[in-house]
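Q: I would like to learn how to read features from a model. Can we go through them in turn?

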Amino acid sequence: MTKVIRMRKPLPSRREFVSHLARNAQLAGGILLVSLGIGVLGYHFFAQLRWLDSLVNASMILGGMGPVDAVRSTGGKWFESLYALFSGVAFLTSVSVFIAPMLHRFLHRFHLETKGEGSTEG
């Protein structure tokens, strides 16, 4: 017979939740800033775009809109292709990191509310 371990950890306070949310927002912002920096440097050095044009292209690709300037060099095209794939994953990762505390709180609250209602565990 297996023993069921029940954890009855209370829902963290709103203050703790906001703290977790702020920490994850900083982490998500850091992921986006590093990804944007990679894009700016890559567009500047591989595609020979000026700094501001590099920033615009990297921002647009990271945001899912697509490039603004046409890249003509072979190295630039390779970079643009790889950066587009990378930035899609980086953007989704940053969104996931940001919403994780909200989802965790929702599931924790749901678990606490449904505990004992119609339960047949013994």
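Q: Is Trp51 buried, partly exposed or exposed, and what is its relative accessible area?
A: Buried means under 20% relative accessible area, exposed over 50%, and partly exposed in between (1.4 Å probe, protein chains only). Trp51 has a relative accessible area of 45%, so Trp51 is partly exposed.

Q: What should I know about the source of these values?
A: This is a predicted model, in which local features need pLDDT of at least 70 and side-chain atom pairs count only at pLDDT 80 or more, while totals for chains, interfaces and linings use all residues. Residues are numbered from 1 along each chain as its sequence is written, and side-chain values use heavy atoms, with hydrogens and water left out.

Q: Which secondary structure elements does the protein have?
A: Helices (H or I, at least four residues) and strands (E, at least two) are DSSP runs, numbered from the N terminus. The protein has three helices and zero strands, in the order α-α-α from the N terminus on.

Q: What percentage of the residues is buried?
A: Of the 122 residues in the protein, 25% are buried. The accessible surface, from the Shrake-Rupley method with a 1.4 Å probe (for residues, only the protein chains shown count as cover), comes to about 9000 Å², and 67% of that belongs to carbon and sulfur atoms.

Q: How many aromatic pairs are there?
A: Rings of Phe, Tyr and Trp (its six-membered ring) pair if their centres lie within 6.5 Å; planes under 30 degrees apart count as stacked, over 60 as edge-to-face and the rest as tilted. By this rule there are seven aromatic pairs. One of them joins Phe45 and Trp51, edge-to-face, at 5.9 Å centre to centre with 90 degrees between the planes. Phe45 is exposed, with a relative accessible area of 53%. Phe46 and Phe79 are stacked, because their ring centres are 5.8 Å apart and their planes are at 20 degrees.

Q: Which parts does the pair of Phe46 and Phe79 tie together?
A: Phe46 lies in helix H1 (residues 14-46) and Phe79 in helix H3, so the pair links parts 33 residues apart in sequence. Phe46 is partly exposed at 45% relative accessibility, whereas Phe79 is buried at 12%.

Q: With which residues is His44 in contact, leaving aside its neighbours within four places in sequence?
A: Contact means heavy atoms within 4.5 Å. On that basis, and with those neighbours left aside, His44 touches Leu49, Arg50, Trp51 and Ser54. His44 is found in helix H1 and is buried, at 19% relative accessible area. His108, in helix H3 (residues 74-114), is buried at 14%; leaving aside its neighbours within four places in sequence, His108 is in contact with Lys9, Pro10, Leu11 and Pro12.

Q: Which side chains meet in a salt bridge?
A: Side chains of opposite charge can pair when their charged atoms come close. A salt bridge is a side-chain nitrogen of Lys or Arg within 4 Å of a carboxyl oxygen of Asp or Glu. The count comes to one salt bridge, in which the side chains of Arg50 and Asp53 meet at 3.0 Å, N to O. Arg50 is exposed, with a relative accessible area of 63%.
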